[in-house]
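The exercises below are meant to be worked with the sequence and the model side by side. Try each task before reading its solution.

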Amino acid sequence: LQAEDLKAFYLFALLLTGNGREASDLIVETLPALSSQLGQFRHGHHFRARIIRALRQRWKEHKSPSANEFESDQEPERLARFCASLPEPERSTVALFYSNLLDHDDAATLLGLSLQDYAATLASARNKLTELFAYERKES
Amino acid sequence: MNAKKAEILLRLARPGSEKSGDRATLKAVRWAEKDERSRRLFEEQRLLDRRILDILTTVTLPETLSARVADAKAMKRHEWRRAIPSLLAVLLALAVLGGLLVFYGMQRAKNFVGKDAALEMIQTTDEMNGLELEPVSMNAGGVGDWLFLNHNLEHYDVPPAFAGLKAVGCRVFKQHGLPVAQIAIDEKKMLFFVFRASDFHVQLNPPGRWTTFEHEDWAVAIRRDGDSCFMAAFRGREDEMKKWINRAEKKRFSVANPGRSAH
């Protein structure tokens, strides 16, 4: 994996888990097991989709109870916590959209949504994020 | 462009996508600019997207992440290497177990119920001087009729594979009061024994197939077809007996089915 790919997967994991440490652990636990399969994929986006599916699956099965605990007050971590607080499939839609790992068609297919539903899910998630940012501004 | 398509494109628009030459998105943006509500929603969306992307731009990859991924990959490889001796041990154990099962199966096939009675028949030859046998000159296939006519023994037949061999002597003797037909064959100075399986409680599995074994210097082959038991013996080794039977059965098959190969 190139460093920029690794960063994109890290961003995806960060928005999925809401926590930098959990994101790192998720990457470390998932990527090495898949590295041997790299040669089986002719197209890069297929391999990216395979990794994303594995990251989501692993997170679903091994989600740490402390995942959403407050860890840092840095802006990226606050944003990640907002995203991670969204219900599925909004959480994964936002993580896919902003990590820019897949085009919209592939992202919608991966989440089992039509392109129209993917767009509607993204719009709904944006509304919730806007509310969360507004609430944060008001609190501060 | 219709409103539905424009709405989808606008929602999926990444900041700057219309400037990067995405004509469909550019058309959707132009469509939105004509409608006040759509224009305002799209503007709010862009502000949010820019804010999020600006935040994400500040994210740096944890310094140790690349090294941790590399270490984890190496560990996976080592785990596999560490597992090789265990896998080999399991394979070896399976091979030994398989060998034992085959050996046990072969031993079981050689040790059938009624084997003692069969051995006793062979041992009678130790006390023979050759005069006991009534000289005959016929094919072994004709001995069944001879036994019926001379000793009233019905269905004491030689299997068709050996029917063409030359018989040189016959007799019927009693073992524990029960009849056993003995036939001397010219080839290999072989002896055939024909008897009823039920008389001597002989059980062979599966019926209709040969069981071969060695006893002292005798090579023996025995099979049961219904209640009729046929045993062939000559002085030699078990593998010689197996070869001889295969050859006799192939010969019979090629006579019965000219032009076809036996399997």
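**Exercise 1.** Does N100(A) count as buried, partly exposed or exposed?

*Solution.* The structure is a predicted model, in which local features need pLDDT of at least 70 and side-chain atom pairs count only at pLDDT 80 or more, while totals for chains, interfaces and linings use all residues. Residues are numbered from 1 along each chain as its sequence is written, chains are lettered from A in the order in which they are written, and side-chain values use heavy atoms, with hydrogens and water left out.

Begin with the location: N100(A) sits in the loop between α5 and α6 (104–111) of chain A, where helices (H or I, at least four residues) are DSSP runs numbered from the N terminus. Then take the accessibility: N100(A) counts as partly exposed because its relative accessibility is 47%, given that buried means under 20% relative accessible area, exposed over 50%, and partly exposed in between (1.4 Å probe, protein chains only). Finally, look at the backbone, where phi of N100(A) is near 55°, a positive value in a residue other than glycine.

**Exercise 2.** Find where K188(B) lies, and describe its backbone and accessibility.

*Solution.* K188(B) belongs to the loop between β3 (178–185) and β4 (190–196) of chain B, strands being DSSP runs of E with at least two residues. Although K188(B) is not a glycine, its phi is positive, at about 60°. Its relative accessible area is 38%, so K188(B) is partly exposed.

**Exercise 3.** Describe the surroundings of T125(B).

*Solution.* First, T125(B) is located in the loop between α5 (115–123) and β1 (134–139) of chain B. Second, T125(B) counts as buried because its relative accessibility is 12%. Third, a polar atom of the T125(B) side chain lies 2.5 Å from the backbone oxygen of I122(B).

**Exercise 4.** How many residues of chain B are in contact with chain A, and what joins the two chains?

*Solution.* Start with the contacts: 27 residues of chain B are in contact with 35 residues of chain A. R11(B), L12(B) and R14(B) supply 23% of the area that chain B buries against chain A, more than any other three residues; buried area is the accessible area (1.4 Å probe) that two parts lose on being put together, summed over both.

Continue with the charged groups: two salt bridges are found across this interface, a salt bridge being a side-chain nitrogen of Lys or Arg within 4 Å of a carboxyl oxygen of Asp or Glu. The side chains of D25(A) and R68(B) meet in a salt bridge, at 2.8 Å from N to O. Then turn to the helices, where α1 (3–12), α3 (36–57) and α4 (65–110) of chain B each supply at least two residues of the side that touches chain A, and α3(B) gives the most, with nine residues.

**Exercise 5.** Which residues does I27(A) touch?

*Solution.* Not counting residues up to four places away in sequence, I27(A) touches residues of chain A, including L6(A), F9(A) and L55(A), together with L65(B) and V69(B).

Terms used. Contact = heavy atoms within 4.5 Å. Polar contact = N/O pair within 3.5 Å; in protein donor to acceptor, adjacent residues only side chain to side chain.
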